[in-house]
Amino acid sequence: MIATSLETYRSKPFSFWLLLFLSSGAMLTAFPASSLLSRLYYNEGGQSKWILSWAAVAGWPLPALLLLPLYLLGRASPTPLSLSLCSWYVLLGLLSAADNLMYAWAYAYLPASTASLVAASSLAFSALFGRAIAKNRLNMSSLNAVVVITAGVVIVALDSGSDRPPGVTPRQYALGFVLDVLGSALHGLIFALSELVFARALGRRSFHVVLEQQAAVSLCAFAFTSAGLAVAEGFPAMRRESARFAHGGQPAYANVMVWTALTFQLGVLGGTGVLFLASTVLAGVLNAVRVPLTSIAAVIWPSVTQPRE
């Protein structure tokens, strides 16, 4: 089995490895940046979980803009939309919107490094859902990684009060922890379902289907989140938040929103690319690898992750 797997990967063209490298790099750089920006949003005076969730999917045109030249130059043709494919897009968009909202609540009450470590539990869920839904194979190294990451999350839970941010109550911290774990489970489910869409609905014809899926799913998530933001009267709240945003006011607020949208979309696009090129399990492993990167970044830029006085 190992020899067969090695031979399969050796037969892959250079373009495959280049795309896999770029997709993995996008996950490992954009997701930590997005985590720090989420914490910065709250530290500088942001309060709305809906606004942060909305910012995460407001960058949905990015994959569409990357896809447009391929259509115009005749390098790819749009995938015909069917009722089944549209249903998948709507379902994944709804799940993504719920996932983003859970993470927004988690980052409101947890430090960026802790939230990222707990979110790494998505590796366990990715492995389980990948096996159950996408029929991924699990080897001993994958199982070992799942055990190690899960043990790390348990250790954090046992010492959950030591890094509680100022002003956050024990109940709020516990709520953030629980929602982070639930969001991680949902993240693993989204990974597995996305891989299933590639296998059954889109096919693995060309990398442009990654851009198609990401644009469509993000658009659906944007629609659901915008509806929730409107009901919560979040759009008028943006103006009030930007006016009192610390250390820069409206320009700083706009920068945080724009970079949150760009980094999140880039990270998700990288994750979707890894799913297309490899598997749900590898996407989960890379999602866990970003944990030390986020922690290192939090140490390098403590002013971003520590609440302002």
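## Second largest pocket

Lining the second largest pocket are 15 residues, with Leu67, Tyr71, Glu212, Ala215 and Ala216 lying nearest its centre. Helices α4 (61-72), α5 and α10 each give two or more residues to this lining. The space in the second largest pocket is about 270 Å³.

A pocket here is an open set of points on a 1 Å grid over the protein atoms alone, with protein on both sides within 12 Å along at least five of seven lines, and lining residues have an atom within 4 Å of a point. Grid points are joined across faces, edges and corners, and a volume is the space filled by probe spheres set on the points.

## Basis of the model

The model is predicted: local features need pLDDT of at least 70 and side-chain atom pairs pLDDT 80 or more, while totals for chains, interfaces and linings use all residues. Residues are numbered from 1 along each chain as its sequence is written, and side-chain values use heavy atoms, without hydrogens and water.

## Aromatic pairs

Rings of Phe, Tyr and Trp (its six-membered ring) pair if their centres lie within 6.5 Å; planes under 30 degrees apart are stacked, over 60 edge-to-face and the rest tilted. The count by this rule is eleven aromatic pairs. Tyr41 and Tyr42 form an edge-to-face pair, 5.1 Å centre to centre with 70° between the planes. Both Tyr41 and Tyr42 are buried (under 20% relative accessible area, with exposed over 50% and partly exposed in between; 1.4 Å probe, protein chains only).

The pair of Trp54 and Phe222 is tilted, because the ring centres are 5.7 Å apart and the planes lie at 40°. Trp54 belongs to helix α3 (residues 49-57) and Phe222 to helix α10 (residues 208-231), so this pair ties together parts 168 residues apart in sequence. Helices are DSSP runs (H or I, at least four residues), numbered from the N terminus. Trp54 and Phe222 are both buried. One aromatic cluster is made up of Tyr41, Tyr42, Phe245 and Tyr253.

Asp99, in helix α5 (residues 83-109), is buried with a relative accessible area of 3%. Its side chain makes a polar contact of 3.0 Å with the side chain of His187 (a pair of N or O atoms within 3.5 Å, one able to donate a hydrogen and the other to accept it; residues adjacent in sequence count only if both atoms are side-chain atoms).

Leu36, in helix α2 (residues 14-43), is buried at 9% relative accessible area.

Technical notes
On a 1 Å grid over the protein atoms alone, a cavity is a set of points where a 1.4 Å probe fits but cannot get out, and a pocket is an open set with protein on both sides within 12 Å along at least five of seven lines; lining residues have an atom within 4 Å of a point.
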